[in-house]
Amino acid sequence: MEKSAYKGVFVFVEQRKGIIQNVSLELMGKARDLADALNDKVYAILVGNKITDKAQMLIAHGADVVVCADAPELDDYLTEPYTQAIYHIVNEYKPSILMLGATTIGRDLGPRLSARLGTGLTADCTKLEISEEKELLMTRPAFGGNLMATIVCKEHRPQMSTVRAGVMRKLPADNSRKGEVIKIEIPFKKDKFRVKLLKSVKEKGAMVDISEAKILISCGRGMANDEGLKIIDDLAKTLKAQVSASRAVVDAGLVPHDRQVGQTGKTVRPDLYFAVGISGAIQHLAGMEESDFIVAINRDKTAPIFQVADLGIVGDAKQILKQLNERLNG
Amino acid sequence: MNIVVCIKQVPDTTEIKINPVTGTLIRDGVPSIINPDDKAGLELALSLKDSFNAHVTVITMGPPQAEDVLREAYAMGVDRAILLTDAKFAGADTLATSHALAGALRKLDFDLLVTGRQAIDGDTAQVGPQIAEHLDLPQVSYLEHLDFDGKKTFTIKRRIEDGYEMLQVDGPCVVTVLSGAYRPRYMSVSGIVEAYSKNVEIWGFAQIDVDEKDLGLNGSPTRVHKAFSRGVKSAGQLYEVDSTEAVGIIMSKLKEKFII
């Protein structure tokens, strides 16, 4: 493989019903960093049906070039049409780096594509950087977050990685940025379209995305009862915060799964994270330690959560939060 | 109907601890289990055996001791078990692993191939879709429920972030199953007893259909550059004060951060 023929930092832009997903804009921000370090360009791969008008938004968020495949075959996400589209674009443009969101789409498309391309894919990266040899260093947790590993893909291109929502930062939109939009036709092999989408159902209550929240109040085992949750809910209303939880609380059925923070839940990095009655298992820390400011309240002063907290309070969380809420309202 | 289920023996990662001095994993005494997503996949296959008299083959790739998970699968009710093991497979990343498994699967007849969505020791969710690609089969990942029409068509509920999708596909196809989708049955006492007399087939490179260059370390595009324990950031201030004072401290911090 002639590696020098492969150039550009490419982002697969995920859209659902025409709405660009935040994770893709976050990746665009990271792609900008990587491309600047490589003195290279950021390419957005925009695929879908009637989506060309979204190209300018991608340019505003850091793309230099938008490669756009706009076709009725790409209306809803399905593995095979999307794999064919991205495969075709990769073969035309030969990216050095290709990033996807680690979503139910990216984690379905990424491995299928990597196998078709015969290249490596590193899942759920938490850190991406360029080495002195101009290679992509991809760092990810392994063993349930107990260990971190930095992965390289030396001899194959593109270097592919997926990144979870909330891990990278998107750039503020700059609508004066200029870029190029290239339309591309995909030569579909429709006989390979073997999976049919019967329907797509949105579920009520599944709409809260805690990775978007500015303030999170997270409930742990120490607060996991009706009284504790009521206190947390009340404070959340006052602070216009969202409620999240540790795995134990979700497993107990007290808080829905889409509000779970941690290795098997979501990665969050709010401006303010309250860890209330959370001891701080490594799987939990993996999902929240990048928060800007962490306040932890726990009875046990040896709790690991205090190792990552900016402000730690040893005490009775119920009483403290109740009083805090009263004073904020008073 | 023939079903093949791919399973993996994994360390129970919830039991792993880090040596605080050396920063390395303490793996001694950590139990090995069937990966939870795979075990749900096993249950899906066995439920189809109950309803449609399907023949269920289970395959695992790993070192010789991975035979344990095949015995457990026998005790749950599978009909055939294959251990894929060979020094040539060592050091494989997900792509090389999927090539080895695809090589073995080319030797088997099936209408449905079941894998777990992901394994708890790596959490990559890659091997299932990569096998599907090598075998040129359609895939449905994140399976939460499957209905079979008794002929050749599967209707599958796929769980996504804000809801679910209903998808339809004819066999043969590949599905990757979520651990919450099916509650695995317990091993029966007679099953456990019989499991130890059943034949576990040992397959190596010679028994499968794959290009040697795609296997093991040489067939792995990705390499571990370095591994390290997660560094902890330095702790902030810790206060052990009464609740009124604690509230005061929190309030002043929130003001400092322009939150209130």
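Colleague: What follows H1(B)?

Modeller: H1(B) is followed by B:Asn53, whose phi is positive, near 60 degrees. Please bear in mind that this is a predicted model.

Colleague: And what comes after H1(A)?

Modeller: After H1(A) comes A:Asn39, with a positive phi near 55 degrees.

Colleague: Back to H1 of chain B. How far apart are its end C-alpha atoms?

Modeller: They are 24 Å apart. The helix covers residues 36–52, and its 17 residues at 1.5 Å a residue should span 24 Å, so the two values agree.

Colleague: Why call H1(B) largely enclosed by the rest of the structure?

Modeller: Because 12 of its 17 residues are buried. Among them are B:Leu42, B:Leu44, B:Leu46 and B:Leu48, and the buried set also includes B:Asp37, B:Asp38, B:Lys39 and B:Glu43.

Colleague: Which residues are buried in H1(A)?

Modeller: The buried residues of H1(A) include A:Val23, A:Leu25, A:Leu27 and A:Met28, together with A:Glu26, A:Lys30 and A:Arg32. For H1 of chain A, residues 22–38, the end C-alpha atoms are 24 Å apart, which agrees with the 24 Å that 17 residues should span at 1.5 Å each.

Colleague: What about chain B overall: how many helices and strands?

Modeller: Chain B has six helices and 15 strands. Its C-alpha trace spans about 70 × 40 × 40 Å along the principal axes. Of its 260 residues, 45% are buried. Among contacts in chain B with a separation of 6 or more, 71% join residues 24 or more positions apart.

Colleague: How does E14(B) pair with strand E10 of chain A?

Modeller: The two pair in the antiparallel sense over five bridges, with E10 of chain A covering residues 147–152.

Colleague: Last topic: which domains are assigned in chain A?

Modeller: The domain assignment gives domain 1 (3–192) and domain 2 (210–329). Their centres, taken over C-alpha atoms, are separated by 33 Å. Nine residues from domain 1 of chain A and 10 residues from domain 2 of chain A take part in the contact. On the domain 1 side there are three nonpolar, five polar and one charged residues.

Methods:
Residues are numbered from 1 along each chain as its sequence is written. Chains are lettered from A and ligands numbered from 1 in the order in which they are written. This is a predicted model: local features need pLDDT of at least 70, side-chain atom pairs count only at pLDDT 80 or more; totals for chains, interfaces and linings use all residues. Domain bounds come from an automatic or database domain assignment. Two residues are in contact if their C-beta atoms, placed from the backbone, lie within 7 Å. Ala, Val, Leu, Ile, Met, Phe, Trp, Tyr, Cys and Pro count as nonpolar, Asp, Glu, Lys and Arg as charged, and the others, Gly among them, as polar. Helices (H or I, at least four residues) and strands (E, at least two) are DSSP runs, numbered from the N terminus. A residue is buried if 20 or more other C-beta atoms lie within 10 Å of its own, exposed if 12 or fewer, and partly exposed in between; C-beta atoms are placed from the backbone. The expected span of a helix is 1.5 Å times one less than its number of residues. Two strands pair if DSSP finds at least two bridges between them.
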